Amino acid sequence: MKTDAKKYSNSITEFIKKYNTYLMLAVCLIICMVISPDFLTLTNLFNISRQYAALTVVSMGMLLVIATGGIDLSVGSYLACGSVLVAIFINSGLGLIPAILLDVALGLVCGTLSGVLVAKFKMPAFIVTMAMMTIIRGAAFILSNGSPIRTPSNTISQLGQNTVAHIIPLLLVLALVVVAIFAFVINRTSFGRIVLATGSNENCVRLSGIRVNYYLIAVYAISGLCATLGGVMAASRTGIGTPLYGEGLELDAIAACVIGGASLSGGTGSAVKTVVGVLVLALIGNIMNLLSVPSYPQDVIKGLIIIASVLLQIFTSSKKETA
Amino acid sequence: MGSEYLVEMENISKRFSGVKALDNMNFKLGKGEIHALIGENGAGKSTLMNILAGAFPSDEGTIKIDGKIRKISSPKVSRELGISVIHQELMLAPHLTVAENIFIDRLSSKGGVINWKKLKQDAKDILTKLGFGDIDPNARIMDLSVAYQQVVEICKSLSRNVKILVLDEPTAVLTFNEIQKLFVLLRNIRDQGMGVIYISHRLEEIFELCDKITVMKDGCYIGDYDTKNISKDELIEKMVGRELTTLFPKRNAEIGDIVLEVKNLNAGRMVKNISFNIRKGEVVGFSGLVGAGRTETMRAIFGADKIDSGTITYFGKEVVFKSPYEAVKNGIGFLPEDRKQQGILLDMPIRNNVTLTALKKVTKASVIRQKADKGLAESILKEVSAKYHALSDKVSSLSGGNQQKVALSKWLAADCKLMILDEPTRGVDVGAKSEIYKIINDLAESGIAVIMISSEMEEILNMSDRVYVMRRGSITGELPKEDLQDVNIMKLCVGE
């Protein structure tokens with residue numbers, strides 16, 4: 001009997017260990033539903049999804065970088081510059097699709113540049129992307145002259161307002177497609193496996209005859225692309241491109257990855273769990289909005305919850321034992 | 001005064017999440033005794049020593065230190081009882097100097113101000129007393145060889161009234177004459193009435209150094225023996241519980257054409273004018289002291305480090321591999337000496353490790369075919385008789401021997417034509433050692449050229465068809481099979 005009880009409690013801790021990210025989401029959901037009757041309305045839910053679609057996409061790029069043991073602090077700036085550039089391109093008469101493609105291509109190029117500095121020149125990712133953060137934010141201000149750029153209402157804002165099957169926001173669908181691609185790449189392709197392996201032990205991967213630098217450059221390039229796409233999505237919600245978008249967004253993206261169980265030292269990372277991380281952040285933000293908590297206390301509470309959630313993971317993750 | 005034993009551990013049992021690590025284990029260390037503790041990897045040696053060091057308590061059993069029953073509830077208590085454990089992973093601050101490290105916990109005597117002159121003199125005194133006066137107290141730890149780092153670690157313990165010194169595989173990274181120096185040091189300690197517990201897989205050293213031997217197996221006490229009254233074969237039998245017909249299996253490899261010919265290779269400070277060759281099906285040993293430039297030579301050939309000058313001819317074609325990628329693409333495999341840092345992905349599943357070098361084989365348009373991936377990993381792990389629970393388990397959950405087999409598997413998956421093995425059996429127990437030798441033989445028999453760097457004399461003597469000896473970055477001699485004797489190798493190593 002006694003051993004049965006022990007087994008039972010063991011399996012409960014096992015369960016918590018395995019699904020702690022999801023449990024956290026469930027707790028947030030329940031709190032939201034209890035606190036506010038408005039929460040569980042389609043309008044509110046789709047609002048949240050529109051609002052956080054960009055962060056989801058940005059977090060996917062961040063996840064790959066973190067999986068290699070790096071970090072990308074420049075994503076917020078990419079998002080701002082991406083929104084400015086896509087607005088400029090559209091206003092200069094470019095079609096919607098060419099404008100978006102050109103925009104994300106530029107993001108890809110800048111990201112590649114960061115990657116080359118990190119991989120080839122062995123500069124710390126923190127420094128490279130921090131410099132990139134100010135460079136690109138500065139570029140966004142220069143390009144826009146510091147003021148928001150409006151676009152005609154029938155162009156990019158269509159993207160933000162369109163729905164699939166008359167109800168599901170297009171932005172949500174877009175974000176889900178990106179997540180699905182990343183989940184597949186991380187779990188099922190040699191690229192994903194090598195990216196995780198690089199984060200686990202770069203030396204070993206290099207000595208196994210794999211061109212680690214290619215993969216390192218690639219993840220920063222992809223992160224640049226995702227963050228710029230995030231800029232397009234942000235512009236599509238308002239129809240405006242502005243250099244003020246995405247202030248502090250890098251921290252939200254990192255937080256989403258970490259809540260999703262990714263280790264900042266690399267080697268771990270799950271796309272789906274990172275989405276859960278985004279959702280946790282989204283729910284925290286939403287519930288405080290519904291309760292009309294002012295924005296300064298919101299930041300404090302958000303920070304505390306991030307600490308709490310990571311602590312929970314540390315406490316529930318299996319302890320190392322020496323045999 | 002007190003008992004004749006320094007340490008008496010009686011009926012010690014310990015469980016880890018239900019798994020029994022120690023079961024009624026007994027261990028006694030006498031005064032003025034060097035006592036070997038041996039057993040296969042996973043036998044529970046480290047667990048027993050961790051209990052002695054206060055890392056965690058035992059579930060059952062008593063510990064007497066100097067005849068008095070003690071409860072070692074924390075590392076601090078253990079230290080106060082005069083116990084010091086020197087781990088394989090050294091506990092030194094790499095950026096600080098030798099003197100600072102030795103006196104790390106009492107750098108200052110008055111009001112937090114360090115008297116540098118005195119500190120350095122004290123360090124110098126301790127080092128000189130132990131016969132290592134050539135170590136500069138001002139040198140930074142990171143600039144010292146691993147062997148000297150270990151000496152510093154021992155000095156650090158001895159400078160604080162240690163009575164019981166525990167050494168866990170201290171010679172794994174040392175070379176012949178460094179080992180001899182360490183032995184002099186340990187005998188010295190013994191003669192002063194202290195006790196030394198010596199954990200090692202190297203039986204020849206145990207017979208040379210130790211007075212008594214305690215054997216353990218699967219967490220149980222097998223027995224203790226006077227070194228004088230037991231033979232090596234008996235001991236091995238007690239350790240593995242079965243008779244090992246021979247540690248070094250026979251090989252029937254046909255030696256063919258030259259695979260690799262290196263001429264006048266220079267690379268950095270450690271590789272000077274190296275020339276050697278290796279043939280198909282041949283096992284060529286590289287002997288030498290640690291820091292002789294063997295690893296550096298192989299890294300340069302493998303494209304991991306830059307080559308300054310010289311030619312490398314591989315299958316008749318002159319080549320320069322600019323990166324490991326190019327070397328691997330051309331069928332060269334390299335098993336690094338530092339398994340955890342370079343050889344394996346500790347936190348990754350076993351499966352991801354094995355097929356890392358062969359992802360092309362198991363992917364289609366870079367999408368991993370799960371079945372092929374799993375099948376390849378399983379078949380190779382079976383080939384090397386690795387023991388594991390599930391392919392998805394992390395490599396860190398395996399014993400040292402099985403980790404090494406996983407590291408080897410990676411190269412078996414890559415279909416190499418030339419395999420460079422750097423200390424292939426470091427930190428591996430006797431049973432797994434023999435199995436690794438068998439794998440090496442299989443490789444040679446299938447026509448692969450094998451370069452084996454090894455600091456273990458027995459391994460070099462028994463496994464090699466030919467041996468090159470290196471000293472201070474140069475090859476000092478080549479010994480054909482008929483001249484393979486330890487004296488010949490030793491002479492070339494030390495440059496007589």
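# Exercises on a predicted two-chain contact

In this predicted model, the contact draws 37 residues from chain B and 24 residues from chain A.

**Exercise 1.** Find the salt bridge across the interface of chain B and chain A, and then work out which elements and residue classes make up the side of chain B.

*Solution.* The rule finds 1 salt bridge across the interface, and Asp373(B) forms a salt bridge with Arg193(A), their closest N and O atoms being 2.8 Å apart. Next, the polar contacts across the interface come to 9 residue pairs, with both residues at pLDDT 80 or more. Several elements of chain B each supply at least two residues to the side that touches chain A, among them helix H1 (45-52), strand S18 (367-368) and helix H14 (400-413). The largest share, 4 residues, comes from H11(B). Sorted by class, this side of chain B has 18 nonpolar, 13 polar and 6 charged residues.

**Exercise 2.** Explain why the salt bridge of Lys14(B) and Asp59(B) ties together separate parts of the sequence, and decide whether each residue is buried or partly exposed.

*Solution.* The side chains of Lys14(B) and Asp59(B) meet in a salt bridge with an N to O distance of 3.7 Å. Because Lys14(B) lies in strand S1 (residues 5-16) of chain B and Asp59(B) in the loop between H1 and strand S4 (60-65), the pair joins parts that are 45 residues apart in sequence. For accessibility, the cut-off for buried is under 20%; Lys14(B), at 9%, therefore counts as buried, whereas Asp59(B), at 44%, is partly exposed.

**Exercise 3.** Trace the salt bridge between Glu456(B) and Arg202(B), and name the network to which both belong.

*Solution.* The closest N and O atoms of Glu456(B) and Arg202(B) are 3.7 Å apart. This pair links distant parts of the chain, with Glu456(B) in the loop between strand S20 (449-453) and helix H16 (457-463), and Arg202(B) in the loop between strand S8 (195-199) and helix H7 (203-209), 254 residues apart. Glu456(B) is buried at 9% relative accessibility, and Arg202(B) is buried at 8%. Finally, Arg202(B), Glu205(B), Lys433(B) and Glu456(B) are linked in a network of salt bridges.

How values were computed. Residues numbered from 1 in each chain as written. Chains lettered and ligands numbered in written order. Predicted model: local features only at pLDDT ≥ 70, side-chain atom pairs only at ≥ 80, totals over all residues. Heavy atoms only, no water. Contact = heavy atoms within 4.5 Å. Salt bridge = Lys/Arg side-chain N within 4 Å of Asp/Glu carboxyl O. Polar contact = N/O pair within 3.5 Å; in protein donor to acceptor, adjacent residues only side chain to side chain. Nonpolar A, V, L, I, M, F, W, Y, C, P; charged D, E, K, R; others polar. Buried < 20%, exposed > 50% of the residue type's maximum accessible area, 1.4 Å probe, protein only.
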